[in-house]
Amino acid sequence: MTIFLRTFAAELLKLRRTLAFWLVFLAPGLILALEFLMFHERVDFFAKKQQPLWDLLHRNSFSLWGVLMLPLYVTLQTALLAGLEHSEDRWRSLLAMPVPRWAIYWSKLIIPCLMVVVSSLFLTAGALLNGVVLRALEPRLLFPDPIPYALFFHDAGLTILASLLVVTIHHFISLRLRSFAAATGVGVSATIISFILINSDKYGRLWPWCLPARLLVTRPGTTHDVLVYSIVGAIVVSLAGTWEFSRREIR
């Protein structure tokens, strides 16, 4: 465990002053900015509804994040993190150290998982802050008390769990493919396919990139199925990736 913690700490140090670190806040920040502008520029439209807007703010936040941004964000972050080793051919020196390969694989896997956690919580806190600021600037917009903190943070937790399988898949791909373009190309293609499959009950529930978006489906049992598939799939992919990484000959 001590070796693993030291390896993990070393991986964290590599993030300083990198694009991957700043993307943790920039990616959800873009969603928050777009949503704030949407409500602010259409005040008359939303004011005419004369109904609380927290539910609309909540649904817009998590649909934009889960359907569009999160799969691309995971793709880019895992490719950037792996690129730190690929670009300067650090693998030889890294693997020559007296550190078991499983510790290297898992320390690199936990970092994108933590990035998804921080970004999702940043998005949630920012969405709530958007509602409070919009209420202060435009009193006609109905963002009544009490503020639904529990609903927002509950769904943030579900989104994090639903994204685990995609994170583990892209972690494996980014370590396996040395080309940044190839690793990101796989993610972009998979995300585009998810737009086609998202409304398909037959295939959408099986496509990992659709899982965060399927949390928006209100059918009973869907959330349970999404979480079980994501968590079990993430465990299987992680174990298979660890086995492959431990046996791989890296030149």
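This passage describes the salt bridges of the structure and the surroundings of tryptophan 106.

The structure is a predicted model, in which local features need pLDDT of at least 70 and side-chain atom pairs count only at pLDDT 80 or more, while totals for chains, interfaces and linings use all residues. Residues are numbered from 1 along each chain as its sequence is written, and side-chain values use heavy atoms, with hydrogens and water left out.

A search of the whole structure gave 3 salt bridges, a salt bridge being a side-chain nitrogen of Lys or Arg within 4 Å of a carboxyl oxygen of Asp or Glu. One of them joins aspartate 44 to arginine 140, with the closest N and O atoms 2.9 Å apart. This pair links distant parts of the chain, 96 residues apart: aspartate 44 belongs to helix α3 (residues 43–49), and arginine 140 to the loop between α6 and α7 (149–162). Helices (H or I, at least four residues) are DSSP runs, numbered from the N terminus. Aspartate 44 is partly exposed, at a relative accessible area of 45%, and arginine 140 is partly exposed with a value of 45%. Here, buried means under 20% relative accessible area, exposed over 50%, and partly exposed in between (1.4 Å probe, protein chains only).

A salt bridge is also formed by arginine 135 and aspartate 145, whose closest N and O atoms lie 3.0 Å apart. Arginine 135 is in helix α6 and aspartate 145 in the loop between α6 and α7, with 10 residues separating the two. Arginine 135 is partly exposed at 25% relative accessible area, whereas aspartate 145, at 59%, counts as exposed.

Glutamate 244 and arginine 176 meet through their side chains in a salt bridge of 2.9 Å, N to O. The pair connects helix α11 (residues 222–247), which holds glutamate 244, with helix α8 (residues 164–176), which holds arginine 176, across 68 residues. Glutamate 244 is buried, with a relative accessible area of 16%, whereas arginine 176 is partly exposed at 40%.

Tryptophan 106 is located in helix α6 (residues 101–137) and is partly exposed, its relative accessible area being 29%. Apart from neighbours within four places in sequence, tryptophan 106 contacts Phe4, Ser238 and Thr242, where contact means heavy atoms within 4.5 Å. With threonine 242, the tryptophan 106 side chain makes a side-chain polar contact of 2.8 Å. A polar contact is a pair of N or O atoms within 3.5 Å; within protein, one must be able to donate a hydrogen and the other to accept it, and residues adjacent in sequence count only if both atoms are side-chain atoms. Leucine 206 lies 100 residues from tryptophan 106 in sequence and 25 Å away in space, C-alpha to C-alpha.
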